[in-house]
Amino acid sequence: TLIKAQNNRLYNYNQIGWYNYFGTFKLHNKISLHTEYQFRRTNFITNWQQGLLRVGLNYQIHQSTQIRIGYGNIETFSYGKIPINKFGKTFTENRSFVVVTTNHNINKLEISHRYMLEQRWLGQFKDSAAKHEDYFSYSNRVRYQIRLQIPLNKTDSLNQKQFYIATYNELFVGFGKNVVESVFDQNRIGALIGYRINKHIKFELGYLNQLVHLNRRVNNKNIFQSNQGVILNLNFNY
């Protein structure tokens with residue numbers, strides 16, 4: 001972990017590893033259940049960064065458009081030289097969300113857009129002696145992700161094995177009275193190589209760059225985390 005100062009900013013650098021499970025299970029013709037757990041670590045694997053659990057209900061509006069409503073429970077740990085919580089404590093976040101995803105193709109290139117609105121309740125501590133959250137502050141956040149994916153080998157069936165590469169960029173913007181430093185919350189850039197075993201299962205491995213703007217200052221300086229590392233996704237779709 002390294003800290004660098006730049007004008008009125010402090011940058012904290014961390015090495016991360018995100019190991020993620022995503023599962024979708026069809027319940028009806030247009031309705032499916034989304035399940036997800038993200039095992040997020042620092043120093044690639046040795047220490048906790050976050051644990052994130054999400055569940056949701058999908059409705060397929062159109063062949064290329066899906067809406068999801070859901071709930072998330074997130075545990076954020078004290079990591080890095082400048083932790084997110086000013087007392088250096090682990091805190092819980094409860095979150096509800098609505099997601100709209102659209103997809104389209106340009107020749108072999110698959111393009112997806114994801115629009116997300118989150119309602120967030122973040123655990124807060126009144127002082128360093130508190131052992132548990134004293135209250136939860138409410139804030140909102142919108143997210144937009146664009147993802148590009150292209151196959152590396154031609155297949156005629158979803159049941160055939162396929163390699164592909166993908167890249168994505170996601171912007172996070174917070175708003176509401178409890179967002180005090182900046183509406184810019186974070187940005188994520190990823191580059192992946194994927195392998196589809198069949199129409200139900202695929203793996204992805206790649207690089208992740210996460211830039212996080214903390215919602216507080218240290219010595220009157222804005223705090224940014226620059227987190228870089230590996231990401232591994234396991235996707236089930238039934």
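This is a short talk on one predicted protein model, from the whole chain down to single residues.

First, the ground rules. The model is predicted, so local features need pLDDT of at least 70 and side-chain atom pairs count only at pLDDT 80 or more, while totals for chains, interfaces and linings use all residues. Residues are numbered from 1 along each chain as its sequence is written, and side-chain values use heavy atoms, with hydrogens and water left out.

Let's start with the whole chain. What are its elements? The protein chain has 0 helices and 12 strands. Read from the N terminus, the order is β-β-β-β-β-β-β-β-β-β-β-β. These elements are DSSP runs, numbered from the N terminus: helices are H or I with at least four residues, strands are E with at least two.

Now the dimensions. The C-alpha trace spans about 60 × 35 × 30 Å along its principal axes.

Next, surface and burial. The protein chain exposes about 12,900 Å², and carbon and sulfur atoms supply 57% of it. Accessible areas come from the Shrake-Rupley method with a 1.4 Å probe; for residues, only the protein chains shown count as cover. Of the 238 residues, 41% count as buried. Buried means under 20% relative accessible area, exposed means over 50%, and partly exposed is in between, with a 1.4 Å probe and protein chains only.

Contacts come next. A contact means heavy atoms within 4.5 Å. Take contacts between residues at least 6 apart in sequence: 54% of them join residues at least 24 apart.

And charge? The chain has 30 positive and 13 negative charges, and their mean positions are 4 Å apart. Lys and Arg count as positive, Asp and Glu as negative; His and the chain ends are not counted. Each charge is placed at NZ of Lys, CZ of Arg, CG of Asp or CD of Glu.

Let's go inside. Nonpolar side chains tend to be buried together in soluble globular proteins. Which residues form the largest nonpolar core here? There are 7: Ile 16, Trp 18, Ala 166, Tyr 168, Leu 192, Leu 208 and Ile 231. Strand 2 (9-26) and strand 9 (162-175) are the elements that give two or more residues to this core. A second, separate core has 5 residues, including Ile 82, Val 212, Leu 214 and Ile 223. A nonpolar core is a set of buried Ala, Val, Leu, Ile, Met, Phe, Trp, Tyr and Cys residues joined through side-chain atoms within 4.5 Å.

Look at Leu 192 in the largest core. Not counting residues up to four places away in sequence, Leu 192 touches Arg 147, Glu 204 and Asn 233, among others.

Leu 211 sits in strand 11 (residues 201-218). Leu 211 is partly exposed, because its relative accessibility is 26%. Beyond four places in sequence, its contacts include Tyr 11, Phe 184 and Phe 224. Ser 226 is 15 residues along the chain from Leu 211, yet their C-alpha atoms are separated by 4.8 Å.

Ser 32 is in strand 3. Buried or exposed? Ser 32 counts as buried, at 10%. Its contacts beyond four places in sequence include Thr 24, Leu 27 and Gly 56. Tyr 238 is 206 residues away along the chain, with a C-alpha separation of 9.0 Å from Ser 32.

Asn 235 belongs to strand 12. Asn 235 is buried too, with a relative accessible area of 16%. Among its contacts beyond four places in sequence are Phe 22, His 200 and Glu 204. Glu 133 is 102 residues from Asn 235 in sequence and 34 Å away, C-alpha to C-alpha.

Last, the loops. Most residues other than glycine have a negative phi. Phe 44 has a positive one, near 70°. Phe 44 lies in the loop between strand 3 (31-42) and strand 4 (47-62). At 34%, Phe 44 is partly exposed.

Asn 220 also has a positive phi, near 60°. Asn 220 is in the loop between strand 11 and strand 12 (221-237). Asn 220 counts as exposed, at 59% relative accessibility.

One more: where is Lys 177? Lys 177 is in the loop between strand 9 and strand 10 (184-196). Lys 177 is exposed, with a relative accessible area of 76%.
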